Amino acid sequence: MQTSVTPTHCPYCALQCGMNLTPTPGGGVEVTERADFPVNRGALCGKGRTAPALLSSRVRLTSPLVRRAGVLEPAGWDEALDRIAGGLSRTRAEHGPDACGVFGGGGLTNEKAYALGKFARVVLGTSQIDYNGRFCMSSAAAAGIKAFGLDRGLPFPLEDIPRTGCVILVGSNLAETMPPALRYLTELRENGGTLIVIDPRRTRTAEQADLHLAPRPGTDLALALGLLHLVVAEGRTDEEYIRDRTSGWEEARAAAMAHWPEQVERITGVSVPQLRETVRMFCEPSAAMVLTARGPEQQSKGTDTVGAWINLCLATGRAGRPLSGYGCLTGQGNGQGGREHGQKADQLPGYRKLTDPAARRHVAEVWGVHPDSLPGPGRSAYELLDALGTDIRSLLLMGSNPVVSAPRAAHVEERLKSLDMLVVADVVLSETAALADVVLPVTQWAEETGTTTSLEGRVLLRRRALSPPDGVRSDLDVLHELADRLGVEKGFPTDPEEVFEELRRASAGGPADYSGITYRRLAEGAGLFWPCPAQPPHDDAPGTPRLFLDRFATDDGRANFVAVGHRPIAEEPDAEYPVLLTTGRVVAQYQSGAQTRRVDELNAAAPGPFVEMHPRLAERLGALDGDTVAVVSRRGRALAPARVTTAIRPDTVFMPFHWPGEGRANTLTNPALDPTSRMPEFKACAVRVETVGPPAPGAGPVHR
């Protein structure tokens with residue numbers, strides 16, 4: 001048993017808060033404060049504080065399960081692995097390698113994500129691999145690459161936020177999604193800076209703002225264009241910066257000038273005086289930032305929407321300068337690293353492009369294979385899930401729960417059921433694992449060592465604090481054993497540091513260069529920011545906390561304006577579906593809820609789904625607070641209690657997406673895809689709301 005305190009990081013969101021794990025008399029661990037880690041300075045939310053509850057054998061898987069006569073039953077590891085290898089072999093023989101699919105997760109460590117991508121391409125020879133991070137940050141990533149030549153969530157550390165002059169926070173509810181980060185916005189205001197929050201709901205975060213704009217869901221693109229129009233009209237552009245450090249301004253300027261403030265007010269519902277005040281607050285200080293999250297990104301025009309906000313930063317000289325810039329608030333624990341090292345459909349390790357011949361040669365040499373043997377890009381996440389049971393016949397899924405988290409979830413659930421073989425490796429029996437033919441119990445954060453990359457681009461070392469229960473193995477063990485059974489005896493080590501050493505070589509020279517990062521260096525400090533290229537013979541590469549101060553990562557060193565124009569969401573309200581639905585998270589639950597719904601304290605705080613609606617809408621429906629209501633879209637129907645509040649627009653309802661069953665919000669959401677990022681439109685679809693039941697006991701008062 002571990003007897004000393006283990007410094008490590010939280011298993012949940014992309015803040016990757018520092019924490020200490022202290023042994024308890026029963027052989028477990030408890031979370032204690034780690035004040036020396038600069039990001040959270042000891043502060044933790046309820047999810048982080050209660051994370052050890054998931055280590056209990058009472059709530060987790062401790063044995064492989066195989067389906068016999070339609071029922072999942074305990075089995076030995078050899079039986080389970082043999083069954084998987086046999087099924088994958090049959091699929092490849094009968095239907096070809098692309099009939100095997102692989103689906104990863106943004107919570108996997110860098111080592112696991114790297115090994116999973118290598119397994120798909122080297123062992124299975126399939127192009128059909130993607131991960132649930134496609135549903136999170138892909139639009140911001142695509143826009144960042146277009147504008148800056150590089151995608152790293154934040155191009156500056158969080159510590160810069162309190163020292164800037166103004167922050168525009170677009171579509172983020174930090175107070176609930178990553179509570180320890182709220183202190184940066186509080187300190188910003190204490191230092192004399194201002195905060196503008198853009199959200200159709202008056203969230204806990206919006207309540208902290210100097211100015212709250214509540215646009216109609218799906219209109220963030222028009223809003224950004226209207227602000228840029230006013231910047232130009234009021235003479236607030238930085239012409240010297242535009243001339244010296246950017247390209248494409250004339251086209252972007254013309255596109256923005258087509259969006260008159262009065263037109264933008266009609267589209268968004270944000271008044272012209274509010275638009276003018278936003279421009280004044282953003283432009284008057286010498287430094288300012290725009291930070292986006294899922295609100296503007298999870299749209300069928302998410303890439304263009306983020307691009308419009310980047311244009312606002314570029315036009316005002318607010319990118320690639322100290323205390324200024326555009327940043328994306330990455331969501332999942334390793335959402336940043338997960339999209340850098342090969343589990344994304346179009347990428348190789350180091351954020352290399354799978355279509356780049358030089359990248360293929362470099363990675364193939366590290367892997368000991370011929371470049372031509374590597375498959376090309378495959379389907380994006382939703383398109384992969386949509387192809388299950390037809391083009392894709394077997395699926396290996398690690399660290400994801402698409403039955404709850406995917407758009408058009410009832411359809412995705414049916415596609416999963418239609419597979420010849422579904423294999424799920426997870427900590428708990430999630431709703432997706434419950435459909436599987438084979439379920440593998442795997443280790444979790446406190447039982448394994450590995451690296452993650454935070455929303456800052458800071459590479460961190462999670463440390464093993466205790467041994468897993470008997471019968472539980474790591475994902476690296478799983479991939480090693482399957483590779484061996486499928487005829488690849490070498491190249492899949494089980495030691496995470498050995499995997500990381502190979503990742504360093506594979507990433508060397510790529511956009512996300514980790515070659516100067518080692519476990520030893522990570523253990524000695526508070527992490528290292530990529531790119532961090534090796535500088536032999538020395539072992540002290542400094543990393544890059546702040547990007548773009550001298551040049552952007554484009555071929556000519558200039559940032560690119562991208563000319564974009566407003567267009568409506570894929571599914572506008574009509575007479576049959578007259579209301580807009582938007583979705584999001586609550587503070588006590590996380591993502592699909594597969595883990596947090598098993599923690600008693602968190603469930604007590606957030607026991608189930610709800611439908612947030614304005615009193616005007618509730619009155620029109622004849623619904624009281626607490627009444628069961630049905631929310632119906634073209635894809636399905638969900639039931640949940642009404643939560644009546646003035647904190648939301650009258651034309652919009654909100655549902656959190658953490659729950660399965662009849663309250664599953666993603667039964668309703670629209671899989672319409674962004675043409676560049678392939679992001680589904682989670683954040684806006686047309687619905688109707690119906691009252692179907694009486695108030696629950698004690699119901700009645702209007703919230704806020």
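**Figure 1. Gln16 in the loop between strands S1 and S2.** Gln16 is found in the loop that runs between strand S1 (6-9) and strand S2 (18-23), here in a predicted model. The phi angle of Gln16 is near 50°, which is a positive value in a residue other than glycine. Although Gln16 sits in a loop, it is buried, with a relative accessible area of 0%.

**Figure 2. Arg678 in the loop between strands S28 and S29.** The place of Arg678 is in the loop between strand S28 (670-673) and strand S29 (680-681). Arg678 is partly exposed, with a relative accessible area of 25%, whereas Gln16 is buried at 0%.

Figure 3. All 5 of the 5 residues of strand S8 (residues 166-170) are buried, so the strand is largely enclosed by the rest of the structure. In a regular strand the side chains alternate between the two faces of the sheet. In S8, Cys166, Ile168 and Val170 point one way while Val167 and Leu169 point the other way, and all of them are buried. S8 pairs in the parallel sense with strand S9 (residues 194-198) over 5 bridges, and within this pairing Val170 has Ile198 of S9 as its bridge partner. S8 is also joined by 4 bridges to strand S12 (residues 289-292), and these two strands likewise run parallel. In S12, Val290 is the bridge partner of Ile168.

**Figure 4. Strand S27 beside strand S23.** Strand S27 (residues 652-656) has 5 of its 5 residues buried, so it is largely enclosed by the rest of the structure. Thr652, Phe654 and Pro656 point one way from S27, Val653 and Met655 point the other way, and all are buried. The pairing shown is with strand S23 (residues 579-584), which runs in the parallel sense to S27 over 5 bridges. Pro656 in S27 stands opposite Gly584.

**Figure 5. The surroundings of Thr652.** Thr652, found in strand S27, is buried, with a relative accessible area of 0%. The side chain of Thr652 makes a polar contact of 2.9 Å with the side chain of Asp651. When its neighbours within four places in sequence are left aside, Thr652 is in contact with Pro217, Val579, Leu580, Thr582, Glu612 and Met613. Strand S23, which spans residues 579-584, pairs with S27, and Val579, Leu580 and Thr582 are among the residues in contact with Thr652.

**Figure 6. Helix H11 and its buried residues.** Helix H11 (residues 272-283) has 12 residues and reaches 17 Å from its first C-alpha to its last, close to the 16 Å expected at 1.5 Å a residue. The buried residues of H11 are Val272, Leu275, Thr278, Val279, Met281, Phe282 and Cys283. An α-helix has 3.6 residues a turn, so residues three or four places apart point the same way. That spacing can be followed in this view through Val272, Leu275, Thr278 and Phe282, which are among the buried residues of the helix.

Figure 7. The peptide bond from Trp530 to Pro531 is cis, with omega near -5°, and Pro531 lies in the loop between strand S21 (528-529) and strand S22 (559-560). A cis peptide bond also joins Pro536 and Pro537, where omega is about 5°. Pro537 is likewise found in the loop between S21 and S22.

Definitions and conventions
Residues numbered from 1 in each chain as written. Predicted model: local features only at pLDDT ≥ 70, side-chain atom pairs only at ≥ 80, totals over all residues. Heavy atoms only, no water. Buried < 20%, exposed > 50% of the residue type's maximum accessible area, 1.4 Å probe, protein only. Pairing = 2+ DSSP bridges. Polar contact = N/O pair within 3.5 Å; in protein donor to acceptor, adjacent residues only side chain to side chain. Contact = heavy atoms within 4.5 Å. Expected span 1.5 Å × (residues − 1).
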